[in-house]
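Thanks for coming. I will go through a few packing details in this one, so please have the sequence and the structure open.

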Amino acid sequence: MQSFALGESIPPDTTHVSAMLWLARRAAMRAPRLIFLAPHPHDLADRAKAVSVSLPTWQSNVAYEEGEDWVIGRLTTGYPRFFIHKSVDALATDIATAYAEPNLRAMLFPTPRAAARCLDFVKRRAEAHSPPKLHAVHLVLDESENVSSLLRKLSPTISAIFVPAELFPLAKQYWQHTGDGVSSRQAEFCHDLFREHLLVPISDRRSTCNPPVPSLRGPRRYQRQQSMDAAAAQTTTKPQLGAKRLEDSQESSRFLEERFGRNLDLTLVARAKSAIQRRIAGSLVHDVDLRKSPLPPMASSTRGVRSLGEEDVYLFPAGMNAIFNAHRALLSARGPLKSISFGFPYVDTLKILQKFGPGCVFYGHASSADLDELEGLLRSGQRFLALFCEFPGNPTLASPDLERIRRLADEFDFALVVDDTIGTFANVNILPVADVVVSSLTKIFSGASNVMGGSAILNPEGKYYSSLKKALDEDVYEDTYWPEDVIFMERNSRDFAARVDRINANAEAICAILRDHPLVQSVHYPKHNASKEHYDAHRLPHGGYGGLLSVVFTHRKHAQVFYDAMESAKGPSLGTNFTLCSPYVLLAHYQELSWAAKFGVDADLVRVSVGLEEPDVLQAAFRKALQAANAASG
């Protein structure tokens, strides 16, 4: 059994989840401040890539927000847009040491254009500080060296901006809001190349006429002695610089594939991307062996738009990056107009609309009254770029009236951008009424909590399709999704639909337990909210109500005791294959709790992302936590 202390990354366990909770219950009595999980060996390799961490008590969440060292000092990782991964920080430090003055810090991006956007963001907000001239360095592969052909095909790049320490928080804001930063896998891959002097400033890059060198397919322990790859390696007379890192970087990916009798190579990345795009388009609904070429033809789509093709699905390294670039594409296509943020939003969506472009108007209730007010504003002559909303929203799970919004959008000429991350396209079909559908693939689409990703789908029958596609293809879109992350995402998402079905059922069972308890004031869930009719209008015939719910107790003490006693993983993120609890409002809005309360978002709300555990085991865990809260009330 593995024990994971406060602040340590949570390894997902997607198979023996009932054993995980059983061990958690046994261990909690002996060490209530720890999270105990029982991962498979293959999960341990992914622990450093986990997108959530353990914050097992209510007080640990408060201490995290207060910056107390007993929590902050023990963090080994965190949600990648909020916590700069140690692998990213290590590469940034080495690049700054090599190319910047001692008082400057580096922030890393995958392309020069992303780095330039961050520099511009910092400069515009730091004018009052009279900052020194900010600069960047762009590192590319030195192809004059005897590197593998696969390494040349990957053509890794890193762009670093350098800012003084006092301005680094501004660069960090850009990193968090936009999702433009490099992933930890990319940083690790590039760091070894950097150490071997294979990543050099673009001005120092030398051309080469050397013929490509045969590449090693993967970790040596998986190679057969008489394989063609081994033979090629034995006949290579000059060592391939960077080859060991190329092997090591595929280690955990290959290990994962070995469990399924596969040997997925990074040379199949393009096909993996295509599989992900088709899966998101609702066409590829079954498992597929990427080694077989080509992929099956596009079948009928569950998205309800006949002309939808995989070329209309754009992949990004994070969900927020999909939203950020959808907004950029709209500004490029339609000009500098304000947007509308409708419904209580995920924090960074609102920040993108406020900080990048002319700004936005905000309607936080997603109510009919909000739509009445918006319609009055539109009829008075004000015009907007787009309306951004979630379906359903987070954390109250309210569903906006998309039909009425669509009618207003058609009449008053604005685009509709819907984030279906929580509803998921396995449950709801939003595309026919939206111009753009964005999703965080990091959540239930992946489920494994070990890789980031995002997507944006253009509706080919939408009014703005041609202008948006032109803006994306000619100006906005850069394919910055790191190949190793693509490999993990494709593998994780193959059983997406089946997992959603199981999680839907588990969530409804948990709702039934919570709604009947006298200490519970309310349970937010699409099936039981006042906006259920709006959700049902877009629910698929066999779709459910999702795996996210929020519970509000009659008193803060009950919420705190329930959370502390809950025998599950506890931390940020959602959509994990394992149940994950969080005092979400404390974490997302700690400095603005009174503002959130104005929109019906209770400061003591406990958000539950329901996982794949055996139903009886999961229900027992919730009943036990409720019993603890009940005992505390006496």
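**Rings, a buried aspartate, strands and helices**

Let me start with a ring cluster: Phe109, Phe121, Tyr174, Trp175, Phe324 and Phe356 are linked by ring pairs. A pair here means rings of Phe, Tyr or Trp (its six-membered ring) with centres within 6.5 Å; planes under 30 degrees apart are stacked, over 60 edge-to-face, and the rest tilted.

Now the ground rules. This is a predicted model, in which local features need pLDDT of at least 70 and side-chain atom pairs count only at pLDDT 80 or more, while totals for chains, interfaces and linings use all residues. Residues are numbered from 1 along each chain as its sequence is written, and side-chain values use heavy atoms, with hydrogens and water left out.

Over the whole structure, the search gives 27 aromatic pairs. One of them is Phe425 with Phe496, tilted, at 5.0 Å centre to centre and 45 degrees between the planes. Phe425 sits in the loop between strand E11 (415-419) and strand E12 (436-440), and Phe496 in helix H20 (residues 496-515), so to speak 71 residues apart. Helices (H or I, at least four residues) and strands (E, at least two) are DSSP runs, numbered from the N terminus. Phe445 also forms a tilted pair with Phe496, at 5.2 Å centre to centre and 55 degrees between the planes. That pair links distant parts of the chain too, with Phe445 in the loop between E12 and strand E13 (454-458), 51 residues from Phe496.

Buried means under 20% relative accessible area, exposed over 50%, and partly exposed in between (1.4 Å probe, protein chains only).

Staying with H20, its 20 residues should span 28 Å at 1.5 Å a residue, and the end C-alpha atoms are 28 Å apart, which agrees. The expected span is 1.5 Å times one less than the number of residues. Buried residues of H20 include Phe496, Val500, Ile503, Ala507 and Ile510. An α-helix has 3.6 residues a turn, so residues three or four places apart point the same way. Among the elements covering the buried residues of H20 are helix H19 (483-492), strand E14 (520-524) and helix H25 (615-633).

Helix H14 (residues 319-334) is mostly covered, with 12 of its 16 residues buried. Phe324, from the ring cluster, is one of those buried residues. After H14 comes Gly335, with a positive phi near 95 degrees.

Asp312 lies in the loop between helix H13 (269-280) and strand E7 (313-316). Asp312 is buried because its relative accessible area is 0%. What does its side chain contact? Asp312 makes a polar contact with the side chain of Tyr465, at 2.5 Å. Such a contact is a pair of N or O atoms within 3.5 Å; within protein, one must be able to donate a hydrogen and the other to accept it, and residues adjacent in sequence count only if both atoms are side-chain atoms. Leaving aside residues up to four places away in sequence, Asp312 touches, among others, Ser307, Pro460 and Lys469, contact being heavy atoms within 4.5 Å.

Last, strand E5 (residues 157-164): 7 of its 8 residues are buried, so it is largely enclosed by the rest of the structure. Strand E3 (residues 104-109) runs antiparallel to E5, joined by 6 bridges. Strand E4 (residues 135-141) also pairs antiparallel with E5, over 6 bridges. Pairing requires at least two DSSP bridges between the strands. Ala160 of E5 is the bridge partner of Leu108 and of Val137.
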